[in-house]
Amino acid sequence: MNKPNVIFVLTDDQGYGDLTCHGNPIIKTPNLDALHDESIRFTDFHVAPMCTPTRGELLTGQDALRNGATFVCMGRSLINPELPTMADIFAMNGYRTGHFGKWHLGDNYPYRPQDRGFHETIHHPAWGITSAADYFGNDYFDDHYRHNGTIEAFEGYCTDVWFDEAMDWIEEQSDAPFFAYIATNAPHTPLWVPDKYRQPYLEHVAYNVASFYGMIANIDENMGKLDAFLRKTGLCDNTILIFMTDNGTANGETVYNAGMRGKKTTLYEGGHRVPFFIRWPEGQLGTPRDISDPTHGTDVLPTLISLCGLDEPQDTAYDGVSLTGLLREREELEDRMLVVQYGHNVPKGNRTTRKGNAAVLWKRWRLVDYTELYHLDSDPGQEHNIADQHPNVVQKMQTHYDAWWDALGKNLDIYFPISIGTEEESSTRLSSCDWMGVYCDNPGGVRGCVMDSGIWQLAVAQSGKYDITLRRWPRESNLAITAPAPVMEGVDGTLMAGKALPVDRAWMQIGGSEHEMDVRPDDPSITFTVDLSSGPATLQTWWIDAKGNRLAGAYYVTVERV
């Protein structure tokens with residue numbers, strides 16, 4: 001049999017309970033329900049409770065604290081560039097590789113999809129459309145996306161674009177097997193969707209929930225189109241099709257969460273237990289059925305390597321295991337404990353990455369935040385902490401976690417730098433999403449963080465003269481440094497006005513040297529020309545007013561070797 005094709009669909013912020021087939025009484029997902037009925041379903045499948053760590057774990061088979069991609073920004077969303085990714089491994093085995101949609105594992109060399117094994121990529125940067133790194137003015141409809149390193153315009157609603165472009169690319173892959181990674185940004189906020197998908201839910205739920213469900217309905221429609229395409233082209237039988245989501249629901253627990261406690265970012269089941277369907281008609285996987293063994297996102301890469309008969313890079317280790325034996329009903333998994341760790345290293349309450357800020361999974365036991373113990377058979381909603389009744393279980397799970405943390409916790413001291421002055425990316429477009437050490441979901445004055453500035457960790461590839469251009473707004477906006485952003489709709493649907501800043505001077509520090517320049521009222525940018533030596537460097541900027549007060553950092557910096 002020829003090597004199978006692989007299509008991996010990953011949706012953003014859709015939870016286990018956001019499917020009709022999982023009991024949701026409101027939403028309608030007929031195509032995903034049909035896929036559910038034709039698939040092997042892992043019903044106790046877990047990921048990180050936030051998007052970037054999940055994506056890094058899926059693509060490397062390693063825990064986030066091992067691969068480096070532990071958080072959504074702050075210089076923590078980058079995979080160790082020395083690690084091979086899923087796309088690298090498929091490519092080295094003769095597959096054509098394509099990526100469509102969300103990436104969230106680095107926007108600059110050497111972390112972009114095209115640097116990590118994908119022959120074709122069409123994607124938006126950072127966490128999503130409207131993020132600080134995104135093309136100015138994108139709104140889910142007729143947007144500009146990054147296509148193999150260049151910014152291009154695409155017609156249509158974002159989710160439709162990802163699926164349509166993926167299917168067009170698949171049709172071109174007649175001479176080799178393919179691996180297509182379709183990672184939607186929906187149903188992540190902002191909750192923007194064509195009204196025809198929202199309308200059926202408005203009489204049942206609040207407007208934002210109706211929009212959330214409408215985005216999932218659109219995904220479901222595209223899954224139906226994908227399935228029809230595979231059947232029409234004769235690709236269905238020898239294509240491994242995986243559907244899963246990246247974390248628990250972001251919609252909360254107000255409508256339906258399959259009886260689970262918690263949602264996205266939490267360490268309870270509702271934060272990290274997600275759907276996982278796998279279908280391969282020619283793969284000898286047996287009849288569609290549920291598999292209830294505890295499984296994890298790090299298991300996906302070892303499983304695909306096994307199912308597809310891929311050669312692996314030497315000296316590559318995985319935290320996950322192959323599930324092929326379970327899929328083919330040949331063997332059981334060995335008894336093991338899984339760790340779900342989440343947080344970052346800025347002291348803001350429970351977001352801090354610290355020892356103990358984790359969930360340990362062992363059979364049906366759950367140890368949460370190091371001290372809370374639950375057994376899901378008797379307490380699926382995790383309402384009753386029974387740690388004092390089972391001290392031996394608590395101690396065993398704590399011991400496992402302690403060893404795990406001692407091996408990996410020190411990796412939080414490591415930041416991977418963005419390279420500048422490379423042949424692969426002659427013009428480096430930096431954004432505040434990669435500021436190290438500053439938590440700022442939406443910088444830029446429209447949605448907060450006006451007073452912040454952070455540090456970019458860089459690696460200068462070649463010694464020489466560099467132009468470093470500072471902007472408050474993206475280049476394509478044509479806005480002056482002092483100008484407010486236009487009034488725009490926020491992620492919750494409210495209208496917000498931008499803030500003007502009385503900028504008088506620009507300040508920059510890079511490679512140990514400081515530079516200042518006056519800013520005129522109409523200047524859209526300020527460019528410093530500096531000499532840099534090859535090697536590591538840090539970059540920080542400030543806009544300063546006439547009294548010498550620091551106002552904010554430059555949210556956008558372009559670096560070009562002269």
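**View 1. M337 and its bridge partner in the predicted model.** In this predicted model, M337 pairs with W362, its bridge partner in β15. The two strands here, β14 and β15 (residues 358-362), run antiparallel and are joined by five bridges.

**View 2. The open sheet around β14.** Let's step back to the sheet itself: four strands lie in the order β14-β15-β16-β17, paired antiparallel, and the sheet is open. β14 (337-341) and β17 (372-375) each have a single partner strand, so at these two edges one side of the strand has no neighbour in the sheet. Ignoring direction, neighbouring strands are turned by 20° against each other on average.

**View 3. A helix across the sheet.** Which helix lies across β14, β15, β16 and β17? Helix α11 (residues 391-408) does, and α11 runs at about 65° to β14.

**View 4. The largest nonpolar core.** Nonpolar side chains tend to be buried together in soluble globular proteins. Here, the largest nonpolar core holds 48 residues, and I7, V9, M223 and L226 have the most contacts inside it. Two or more residues come from each of β1 (5-11), α1 (30-38), α5 (158-171), β8 (178-183), α7 (207-232) and β9 (239-245). Helix α7 gives the most, with 12 residues.

**View 5. A closer look at V9.** What does V9 touch, leaving aside residues up to four places away in sequence? Its contacts are F163, I182, M223, L226, L241, I242, F243 and M244.

Terms used
Residues numbered from 1 in each chain as written. Predicted model: local features only at pLDDT ≥ 70, side-chain atom pairs only at ≥ 80, totals over all residues. Heavy atoms only, no water. Core = buried A, V, L, I, M, F, W, Y, C linked by side-chain atoms within 4.5 Å. Buried < 20%, exposed > 50% of the residue type's maximum accessible area, 1.4 Å probe, protein only. Contact = heavy atoms within 4.5 Å. Pairing = 2+ DSSP bridges. Axes fitted to C-alpha atoms, helices over the stretch in contact; angles between N-to-C directions.
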